[in-house]
Amino acid sequence: MKENIIVIGAGIGGLSCAALLAHGGHKVTVLEKNSYIGGACSSYEKQGYTLDRSVHLFSLGLNGPFGKILNRLNLNNLEFVKEVNKKTAMKFYQTEGYYPSDFNVNSMINAMKPSTSNGERTEKATENAVMTRLKKIGVTPQTFKELGKVMASILTIRKKKLAQLYEDGLTVTQYINQISEDPFIHGLFAFILAGMFAISPKQASAGEFVHCFKTEMTTREGYQYPLGGGSQAVPNALAEGIRRYGGEIHINSRVDSIVIKNDKVQGVMVKNEMIKAPIVISNLSIRMTVLNLVGRDYFDRNYLAKIESLKPSLSSMTFKLALKEPLIKEWGCVNLYHPTLDDWKGKYGPGAPKSNGFFGPIPSNIDPSLAPKGGQVAIFGTIVPAKVTNWDKWQEVYYADLQEFFPELKKKISFMDVSFPKDFAKATGKPSGPVEGLALTPDQTGINKPSSVLPIEGLYVVGDTAGTDAHGIGTQLAADSGIKCADMILGKIEKN
Ligand SMILES: Cc1cc2nc3c(=O)[nH]c(=O)nc-3n(C[C@H](O)[C@H](O)[C@H](O)COP(=O)(O)OP(=O)(O)OC[C@H]3O[C@@H](n4cnc5c(N)ncnc54)[C@H](O)[C@@H]3O)c2cc1C
């Protein structure tokens, strides 16, 4: 039986689910409140530069859920540049030069390999090369050895042990503490976690982190960036799939409420008009869907308590630099790192933000079409809490920090757009503008993630806030949730 299906929101989760349902033969209508599609994963053009609305790199590219969806749709309309991992470097605070990330990780793993007859020599040579660089930033040989052990433990973990990590509900800090208590190592993982999950390692699920980090590091795919339009290329490719299979996408169409009768979905209200459909899929956060679009009266107390207890990740402050001339020549991504939070202590006075750095893709070094000839787009994002009152001060502090990493920055800037939590909230409809709609903590990942199926017939939620056993980072997680929900609906309808 073919059904009318409404999808509220054209974020990655909504578009992924809608495309697969349209391909399955259903009459799909996507209603998006913004004048553009993609939600957090979108871009805009300004004075000849294409700037991402947030700050994005994409885990696994077409080898993850995006590839899975586009293959099923028979579409070949999205291309990723895969070399980003190889072209990623760390820049340490008050230290000259760049540290290629790839080189360091592989070298550390090699250094941990057991010695063979000539292994001793290889191990020492590798260790020396890496140590010479790391010594400059105060890393001792003991720290280096322990870091190698942590890396090896993550990258060689077996399925059974990984399942146990999820089950035990360990945090990343607890997991690393089993191997090392070294503050440099914990600081480094806090930085990695900030970029991946936007929460502290004291809160992050060790199972989900090890799962994502291992996949990231051990496949040749790693982080990627799409060609042709910045991050916007991803939702655009999915939208083409929806239209190809007869679906419709309406922008500037905010859904005000979901209509329920006798515990069954009837449709949605847009500008005082009801649009009828027996199946409604919401790409809003599960919390907003339940509490705002449907309303508390339709759910029992236990379900409401569970929904109200869900926590988002931190948000972000993002500096989008449109540069007249290149600031960073050779890299596709430069992560700016303060090895210890002490670097900040006392520097900016009480109440100043604390951060250990910035995640920094340089999109136009990956796709030159994103900047005018000779120019460059560099984006630096850092995580921040949503509730800050003096954003001007925070911007001043972080910008001063950026300038310490790049003293020549000011004279190269054509213009700079800065995004705050309120901007991400506007793009997504998620009130605190989180990086991940649901923080990837042990009680909110894997089988503990809330189901896409709501306790109202015909109502579902997709995106980064719902989907039991959906995995991955950000966009990948949202797409995985979209696939799982579409397959569930397709299976159900076919059975009926
Ligand atoms: C600063 C930042 C950096 C990030 N970095 C990365 C990264 O590097 N890599 C990565 O993979 N992920 C990253 N993410 C996360 C990733 O962007 C999100 O997890 C993902 O895009 C969320 O997708 P979603 O399906 O949940 O939809 P969302 O992006 O949340 O979109 C929801 C959509 O629903 C629409 N909507 C809301 N209310 C209504 C309504 N009432 N009616 C109609 N439409 C409505 C919104 O306008 C929006 O289009 C980042 C996010 C942020 C904010």
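At what angle do the axes of helix α6 (residues 159-168) and helix α9 (residues 206-218) cross? In this predicted model, the two axes cross at roughly 145° and come within 7 Å.

**Overall form**

- The C-alpha trace of the protein chain spans about 70 × 50 × 45 Å along its principal axes.
- The radius of gyration of the protein chain is 23 Å, which agrees with the value near 23 Å that a compact globule of 496 residues would have.

- Four residues from domain 1 and four residues from domain 3 take part in the contact.
- On the side of domain 1 that touches domain 3, one residue is nonpolar, three are polar and none is charged.

**Ligand shell**

- The ligand is surrounded by 41 residues, of which the closest are Gly 9, Gly 11, Gly 39, Gly 463 and Gly 474.
- Two or more residues of the shell are given by each of α1 (12-23), β5 (58-59), β15 (315-323), α16 (421-428) and α17 (474-495).
- Helix α17 provides the largest share of the shell, namely four residues.
- Divided by class, the shell around the ligand holds 20 polar, 15 nonpolar and six charged residues.
- Domain 1 and domain 3 each supply at least three residues to the shell around the ligand.

**Five-stranded sheet**

- Five strands form an open sheet in the order β10-β2-β1-β14-β20, and their pairing is parallel.
- Strands β10 (248-250) and β20 (459-461) lie at the edges; each has a single partner strand, so one side of each is left without a neighbour in the sheet.
- From one strand to the next, the twist averages 20°.
- Within this order, strand β1 (residues 4-8) runs parallel to strand β2 (residues 27-31), and five bridges join the two.
- Ile 5 stands opposite Val 28 in β2.

**Three-stranded sheet**

- A further open sheet has three strands in the order β11-β12-β13, with antiparallel pairing.
- Its edges are β11 (257-261) and β13 (273-276), and because each has a single partner strand, one side of each is left without a neighbour in the sheet.
- Neighbouring strands of this sheet are turned against each other by 35° on average, with direction ignored.
- Strand β11 pairs with strand β12 (residues 264-270) in the antiparallel sense, over five bridges.
- Opposite Val 259 stands Gly 267 in β12.

**Helix pair α6 and α9**

- The crossing of α6 (residues 159-168) and α9 (residues 206-218) is at roughly 145°.
- Helix α6 contributes Leu 162, Leu 165 and Tyr 166 to the contact, while α9 contributes Ala 206, Gly 207, Val 210 and His 211.
- The contact of α6 with α9 contains five nonpolar and two polar residues, and no charged ones.

Key
Residues are numbered from 1 along each chain as its sequence is written. This is a predicted model: local features need pLDDT of at least 70, side-chain atom pairs count only at pLDDT 80 or more; totals for chains, interfaces and linings use all residues. Two strands pair if DSSP finds at least two bridges between them. Axes are lines fitted to C-alpha atoms, for helices over the stretch in contact, and angles run from 0 to 180 degrees between N-to-C directions. Two residues are in contact if their C-beta atoms, placed from the backbone, lie within 7 Å. Ala, Val, Leu, Ile, Met, Phe, Trp, Tyr, Cys and Pro count as nonpolar, Asp, Glu, Lys and Arg as charged, and the others, Gly among them, as polar. A residue is near a molecule or strand if its C-beta atom, placed from the backbone, lies within 6 Å of it. Domain bounds come from an automatic or database domain assignment. The radius of gyration is taken over C-alpha atoms; the globule rule is 2.2 Å times the number of residues to the power 0.38.
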